[in-house]
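Let's take a walk through this structure together. Have a look at the picture first, and then we'll go through it piece by piece.

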Amino acid sequence: MSDLSQDSSIEARRVGDAAIIYASDYLNKLSGERIERECKRQLESGRRALIINFRDTELVNSIGVSILVGVIDAAEQNTAQLIFSEMNNHTAELFQMLGLTRHVSLAASEAEALSLVSASPTVSEGLLECGDQSPLSKR
Amino acid sequence: METNNQRLLHTFAALADLGEQIANTADFEEMLRSSFHLLLGSVAIRRGAVAQYDRQRDTLRIVSSRGLEPAPDTDFSITRDHAQALAILGSSLTVSEATSEATRLMTEHPEMFTASEIQILLPLVVHDRLIGVVLLGEKASGEKFSDEDLATLSALARHIAVGINSHHLLGEVKRKAEENQRLYEGLRKIYRETVHAFAAAIDIKDRYTQGHSVRVGKYSEVIAREMGWSDDEVEGITIAGYLHDIGKLIVDLSVINSPERFSAKDSKEMSRHPSAGYEILSPISHPYADIPLMARYHHERMDGNGYPDGLKGDEIPTGARIVTLADSFDAMTTDRPYRKKLPLEDVLVDFRANTGTQFDPQVVSAFCRAFLNELEGKRERRLLNLLNRNYDNVERVSPMLTQMLVDLGEPALATAH
């Protein structure tokens, strides 16, 4: 089952009850707000696990950090799991220094992130058994 | 990378980004929102708000917030003493002071904030005046605010304070400019009304030429517009037309109202009026250029045989040359005590005969074009509305006007008509 992202400028896809959102190379106000909108949209449409994949992200500025803190809040309010995956060392160090990593799960790869989702009690059992890996947007 | 270096770099980047945001003067709300996000992100703070201080009402108004109960545009009171205390504290306060100020505010407004929701309060101060406050909740790390955090946040807050203050100042400058514009428009209106009153006074003195000054103003306006003058210049020459005969105020009433053609003595008396007009108008600061000169030179001729100074051709200001034609046109198209108004054809014959000697050819051309354009419905009926009071079947002079344009070297224009 697929659910295309409404924002064509952001890559996102759905895997079972989780949504994977891909951050751009520079996480600033513009790209951060796109991620925030997409995360909120996914939460509103019932996703209970959000994976933000930072594989392309080279730099995160302060507004990007602030927006991610807002995403953390939104996920907590919706009792959804939030996983940051594939961060480079610089981004990982920054998030750790600022304490963001206290509120999210970390994964070295997307597969690991998905495995963390399956381990989460907030994800319905058998979700991944359906093998639903439909593209949400560009992917 | 060492954490301290990483933190330092993150702070520097935040400051650099903040400068860019503060420069966005086009959208104040967005500037504030982005700057506040930057501040929150610099230390990863989970919730907070920026509030602007209104010194007239002794209130703080939330202008940007995230994660706090009070929404933007919520007002809450602050005592003058408290505001002054915050202004004195400025942005060099300690963590303990910032914490106790936050506690004080939450205690004073339990209806606004839940316990511990705000951990620190940073005053926004510019030139020792409180501009607003930044209220900040807990850090994402869960750690307490350090002196280093406070130094970073205070530096960023100072920029936001300057941004807010600049916005205020810009707003104030804009308001002042609008107020000045209103005052200026008011003064111009008073000036125009005064000029109208003068024009009426001039014309009342001469019972045979009632309305002459106003008509000369209107004819001058039509000609100047046809010559491509700007709105301001057109308004100026209209005024000059209204005032061109102001010098008649000093001419003996019996001369002005003489039912006979002027004697040599009367002519001499009458010929004083352009210079007298100049003397009357010169001390006044007119909002338009050369109005006194247009009054002085409206009886000059292109061939140098006019008065008072016998100027020739280009020595006569263009405005005066326009007023000269407008003045002559009205004189010939209205009844005088010593003669009836001339037929329009005769007026045009007179213009053609005196173009280059008495009248400026370019001004005559513009007059003919304007007249033709009105006759053909291409322009608002200004000349015609004034003329139709005295003439029937004005349209009959169209061929004459066309021929005059040909004679004046504007065949293309004449053909177009």
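Two residues are in contact if their C-beta atoms, placed from the backbone, lie within 7 Å. Keep in mind that this is a predicted model, where local features need pLDDT of at least 70, side-chain atom pairs count only at pLDDT 80 or more, and totals for chains, interfaces and linings use all residues. Residues are numbered from 1 along each chain as its sequence is written, while chains are lettered from A and ligands numbered from 1 in the order in which they are written.

So where do the chains meet? The contact takes 19 residues from chain A and 23 residues from chain B. On the chain A side, the elements giving two or more residues are helix H2 (62-77) and helix H3 (89-98); helices (H or I, at least four residues) and strands (E, at least two) are DSSP runs, numbered from the N terminus. H2(A) brings the largest share, 9 residues. That side of chain A splits into 8 nonpolar, 7 polar and 4 charged residues, with Ala, Val, Leu, Ile, Met, Phe, Trp, Tyr, Cys and Pro counted as nonpolar, Asp, Glu, Lys and Arg as charged, and the others, Gly among them, as polar.

Now for the sheet. Chain A has an open sheet of 5 strands in the order S1-S2-S4-S6-S7, with mixed pairing; two strands pair if DSSP finds at least two bridges between them. At the edges sit S1(A) (11-15) and S7(A) (105-107), each pairing on one side only. Strand S6(A) (residues 81-85) pairs with S7(A) in the parallel sense over 3 bridges, and A:Ser85 stands opposite A:Ala107 in S7(A).
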